[in-house]
Amino acid sequence: MLDLTKENFEDEVLKANGPVLVDYYSDGCVPCKALMPFVHSIGEKYGEKIKFTSLNITKARRLAIGQKILGVPVIAIYKDGEKVEELVKDDATEKNIEAMVAKYL
Amino acid sequence: MDSIYDVIIIGGGPAGLAAGLYAGRARLNTLILEKDSTGGQIVITSEIENYPGGMECESGKDLTDRMVRQAKNFGAVIVSDTIVDVALEGKIKHVYGEKDSYAAKTVIIATGAKPKRMGCPGETELTGKGISYCATCDGSFFEDLEVFVVGGGDAAVEEAIYLTKFGRKVTIIHRRDALRAAKSIQEKAFANDKICFMWDTVVEEFKGDGILSSMVVKNVKTGERKEIIADEDDGTFGVFVFVGYTPMSALVGKNLEMDGGYIITDDNMRTNIPGVFAAGDIRVKSLRQVVTATADGAIAAMQADKFIENNL
């Protein structure tokens, strides 16, 4: 899973070919940490079809706010430079994430 | 589904973990089912200072991680699954998860509670877009911005103090004219220069297009309404909500005697169904804290042991 920074976000996510999943998290966000292993595991499963990435917003606050992310965890799907779908906080369950990913395979 | 467990504990927060520890120690074949991560509600607290014997400046997660290790050391098995149905009457209890089905001689319900929403317009849409129920998760978004905290109890005041690390100003909005929080916490808040108060005030509505930009508040004594609009340069502000908890009894509460969604038990954690016990925040009780949850868990486990000995 690719670690994003505010420097490479545009190239890796907005300018990417094909769908990109971004796992937004922050330092000290326990629910985010709990979700990580699952996202990593489906990243291994579907990594050929969808690019799996993560972004620690603690170091990219303005970027996150610019993407209308003001709370974590959020699992978002980007396509052609646009955020097309996202699962925010309590909605970001394993079941919902896998179902969302399946749509973009 | 494999063997029949002696006890299935639904919920891996402090109540469930303490029950698991005591059940394991009593050499009961013990299964703890947890749908999210272990530790329960307390994991989002940056510092827990009132758990007896707790370490200084310790986070909720560190405390509960120790409880997890302890329960596992005594033989409790923790499985990640979400319960979708239960059949608790009868000699063998059945618990149905998304991933598998489980059976046991006794069940301890320790599903706890989740943060209560205020229930006002715009709240759901703008959750994660300015509105949050987790200061440790989202505080950093609001560095140097204005932050509001809704609530007047321990959680609201403690989290407001925590949020002064980030926000340039933290305003506590409370519907009464006095806080409910413990006196020592109140003192800390009053002494903090970054914290101010909006008394007798409730939030009526949140507004914003994809991101929180304003909210309408009302003074409950005067009826006066005011719209709080984000500073032009900031573009947004943070609202952290700590107004209580909702019991998680919807799926497990079938045929159980309840009061307002909380499960009724006697002093021994027994519900109206033989072999079914409840522990922690899910119970009708006067004080919901980690310490009372762990006490409940221990009692429930020993009662489950006694039940098995006497009945099966």
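The model is predicted; local features need pLDDT of at least 70, side-chain atom pairs count only at pLDDT 80 or more, and totals for chains, interfaces and linings use all residues. Residues are numbered from 1 along each chain as its sequence is written, and chains are lettered from A and ligands numbered from 1 in the order in which they are written.

Chain A contains 4 helices and 5 strands. Both are DSSP runs numbered from the N terminus, with at least four residues (H or I) for a helix and at least two (E) for a strand. The order from the N terminus is β-α-β-α-β-α-β-β-α. Chain A is as compact as a globular protein of its length, because its radius of gyration of 12 Å is close to the 13 Å given by the globule rule for 105 residues. The radius is taken over C-alpha atoms, and the rule is 2.2 Å times the number of residues to the power 0.38. The C-alpha trace spans about 30 × 30 × 20 Å along its principal axes.

Of the 105 residues in chain A, 35% are buried. Burial is judged from C-beta atoms placed from the backbone: 20 or more others within 10 Å make a residue buried, 12 or fewer exposed, and counts in between partly exposed. Among contacts in chain A with a separation of 6 or more, 70% link residues 24 or more positions apart. A contact requires C-beta atoms, placed from the backbone, to lie within 7 Å.

Two backbone features stand out in chain A. V72(A) and P73(A) are joined by a cis peptide bond, with omega about 5°. P73(A) lies in the loop between helix 3 (61–66) and strand 4 (74–79). D80(A) is not a glycine, yet has a positive phi of about 50°. D80(A) sits in the loop between strand 4 and strand 5 (82–88). D80(A) is exposed, with 12 other C-beta atoms within 10 Å.

In chain B, strand 12 (residues 201–207) pairs antiparallel with strand 13 (residues 214–219) over 6 bridges. Pairing requires at least two DSSP bridges between strands. These strands form a hairpin with 6 residues between them, and G210(B) in the turn has a positive phi of about 80°. Strand 13 also runs antiparallel to strand 14 (residues 225–229), joined by 5 bridges. This second hairpin has 5 residues between its strands; G223(B) in the turn has a positive phi of about 80°. V216(B) of strand 13 stands opposite E205(B), and its bridge partner in strand 14 is E227(B).

Definitions and conventions:
Two residues are in contact if their C-beta atoms, placed from the backbone, lie within 7 Å.
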